[in-house]
Amino acid sequence: MVALLRKDGRNLRRDPVQLSQLILPLALFAIYLLAPQSGADSRTLFQNFPLWYGPLTTSAFASLFVASGVGLRAVGAEGRQFWCLRSAPLGARDLLLGKLALPAVLAVGAGLILMWSGEIRLHVPLPQMGFSAILLIVCVAGLTALATGLGAIWPRLDWSDPRRATGIWLSVVFLVVGSSYIAICMVALTVPLVITQLGTVGSDLAAVAACVLCAGIAGTVALRLGYARLLRIEL
């Protein structure tokens with residue numbers, strides 16, 4: 001799994017087209033988060049929510065594009081050389097988890113950097129920054145598992161151009177499904193925060209539990225289906 005992570009990371013660094021496709025949307029989200037109108041004194045969509053809510057939501061959607069660009073094509077990027085991994089002493093489960101490692105690291109890392117940049121600008125207290133970081137990590141982990149699983153279910157291994165490792169229809173489907181997943185996560189973690197009877201600690205724990213439940217269900221279902229597909233795939 002570590003070897004897969006290193007190999008995929010090396011291939012990504014050598015692919016300027018894919019790197020540019022990852023950097024551009026992240027740069028756009030960074031501009032949105034750090035723009036003057038997103039300051040604490042402005043009228044924003046998230047003005048009645050905790051200060052970390054806006055940066056968390058924006059960073060989660062930025063991670064969606066990282067998951068789409070890396071996680072969705074993690075298996076398909078191997079192309080006709082996929083037989084090398086299948087013939088290696090590596091089970092389908094470890095192969096899939098190894099393919100999940102790079103998208104998870106990139107998406108979580110990019111999301112945290114974006115979110116913390118916005119929170120520092122909004123002067124979010126340090127404990128709230130830690131709490132929102134836990135929520136983001138859980139949410140994005142489920143998102144990358146969803147992307148990697150979907151990419152394993154419908155891999156395109158007969159491409160002649162690396163840019164065609166993933167079909168356009170699958171990218172569109174993932175953007176819709178991934179956006180819906182993020183929306184469900186945000187609603188699920190928001191509900192406990194507005195229930196005052198739980199108290200501060202209780203509502204925070206319930207919010208984390210709700211986010212873990214959403215991420216666990218989405219990620220587990222996608223990875224299990226992807227695992228079953230990898231067992232049946234013909235090379």
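User: Which residues does T148 touch, not counting residues up to four places away in sequence?

Analyst: T148 touches G71, L96, K99, L100 and P103, contact meaning heavy atoms within 4.5 Å. The model is predicted: local features need pLDDT of at least 70 and side-chain atom pairs count only at pLDDT 80 or more, while totals for chains, interfaces and linings use all residues. Residues are numbered from 1 along each chain as its sequence is written, and side-chain values use heavy atoms, without hydrogens and water.

User: Why is T148 called buried?

Analyst: Its relative accessible area is 0%; buried means under 20%, exposed over 50% and partly exposed in between (1.4 Å probe, protein chains only). T148 therefore counts as buried. The residue lies in helix α6, residues 126-153, a helix being a DSSP run of H or I with at least four residues, numbered from the N terminus.

User: How many aromatic pairs does the structure hold, and what makes the pair of W52 and Y53 tilted?

Analyst: There are two aromatic pairs. W52 and Y53 lie 6.0 Å centre to centre, with 40° between the planes. Rings of Phe, Tyr and Trp (its six-membered ring) pair if their centres lie within 6.5 Å; planes under 30 degrees apart are stacked, over 60 edge-to-face, and the rest tilted, so this pair is tilted. At 4% relative accessibility W52 counts as buried, and Y53 counts as buried at 8%.

User: Why is the pair of W52 and F131 called edge-to-face?

Analyst: Its centres are 5.5 Å apart and its planes form an angle of 80°, so the edge-to-face class applies. W52 sits in the loop between α2 (16-34) and α3 (53-71), and F131 in helix α6, so this pair ties together parts 79 residues apart in sequence. Ring pairs link W52, Y53 and F131 into a cluster.

User: How do you know that α6 and α8 are roughly parallel?

Analyst: Their axes come within 7 Å and cross at roughly 15°. Angles under 35 degrees count as roughly parallel, over 145 as roughly antiparallel, 65 to 115 as roughly perpendicular and the rest as oblique; α6 and α8 are therefore roughly parallel.

User: Why is L225 called partly exposed, and where does it lie?

Analyst: L225 has 48% relative accessibility and therefore counts as partly exposed. L225 lies in helix α8, residues 199-232. L225 and A152 are 73 residues apart in sequence and 8.1 Å apart in space, C-alpha to C-alpha.

Note on methods:
Helices (H or I, at least four residues) and strands (E, at least two) are DSSP runs, numbered from the N terminus. Axes are lines fitted to C-alpha atoms, for helices over the stretch in contact, and angles run from 0 to 180 degrees between N-to-C directions.
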